[in-house]
Amino acid sequence: LFTSVKMAQRLTLRRRLSYNTKSNRRKVSKTPGGKLVYLYEKKHGTNPKCGDCKKELRGLTAARPRELAGMSKRLKTVSRTYGGSVCHKCVRSRIVRAFLIEEQKIVVRVLKAQEATKK
C-alpha cells in the first residue's frame, strides 16, 4: 500500500552564508544523477537612471556593474550629448537654460550701452 512513498531529499548549502539575504537567493535543481542541489541565482541588473530626473534611460543594457565593465561602448551609451547618463528631456532643458542665460546677459549689455549713450 505505501511502497511508493519516498522521503523528501535534504539539501545542503554550497556556500557558508546561511541567511536568506538578497545575495544568497537559490533555487532547487535536479542533477542528471537524480540528486537535488541548490543553484545560486545572480542578482538582476538594473537599467541606468537619468542623473537629473531619476527616470529610466531607454536604449541601454540592464546589467550588474561587473558585467558593464566587459561590455562594448555601444551597449552602454547613446550617441547624444550626455548620452547614457542624462535623458533627452533634461539635456534639452539644459541647452535651453544655457541659451536663455546667454540671451539675458546680452540684454543687460545692450541696456547698459543705451544708458551710457543717454548720459
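**Entry 1: charges over rings.** I looked up arginine 94 and found its charged end over the ring of tyrosine 82, 4.5 Å from the centre of that ring. The criterion I applied puts a charge over a ring if NZ of Lys or CZ of Arg is within 6 Å of the ring centre and within 35 degrees of the ring normal. By this criterion the charged end of arginine 15 also sits over a ring, that of tyrosine 40, at 4.1 Å from its centre.

**Entry 2: basis of the values.** I note that this is a predicted model, in which local features need pLDDT of at least 70 and side-chain atom pairs count only at pLDDT 80 or more, while totals for chains, interfaces and linings use all residues. Residues are numbered from 1 along each chain as its sequence is written, and side-chain values use heavy atoms, with hydrogens and water left out.

**Entry 3: confidence.** The mean pLDDT (the predictor's confidence in each residue, from 0 to 100) is 94 for the protein, and 98% of its residues reach 70 or more. Among the elements, I find the lowest mean in helix H1 (residues 65-70), at 95, and the highest in E2, at 97. Helices (H or I, at least four residues) and strands (E, at least two) are DSSP runs, numbered from the N terminus.

Entry 4: I recorded 5 bridges between strand E1 (residues 26-30) and strand E2 (residues 36-40), which run antiparallel; two strands pair if DSSP finds at least two bridges between them. Arginine 26 has tyrosine 40 in E2 as its bridge partner. The two strands form a hairpin with 5 residues between them, and glycine 34 in the turn has a positive phi of about 90°.

**Entry 5: the loop between E2 and H1.** I located lysine 42 in this loop. Its relative accessibility is 70%, so lysine 42 counts as exposed (buried is under 20% relative accessible area, exposed over 50%, partly exposed in between, with a 1.4 Å probe and protein chains only).

**Entry 6: tyrosine 82.** I placed tyrosine 82 in the loop between H1 and H2. Tyrosine 82 is not a glycine, yet has a positive phi of about 60°; with a relative accessible area of 42%, this residue is partly exposed.

**Entry 7: the nonpolar core.** The largest core has 7 residues: Cys50, Leu57, Leu60, Val86, Cys87, Cys90 and Val91. I define such a core as a set of buried Ala, Val, Leu, Ile, Met, Phe, Trp, Tyr and Cys residues joined through side-chain atoms within 4.5 Å. Beyond its neighbours within four places in sequence, valine 86 is in contact (heavy atoms within 4.5 Å) with Cys50, Gly51, Asp52, Leu57, Arg80, Val91 and Arg94.

**Entry 8: helix H2.** I found alanine 116 in H2 (residues 88-118). Alanine 116 counts as exposed because its relative accessibility is 54%.
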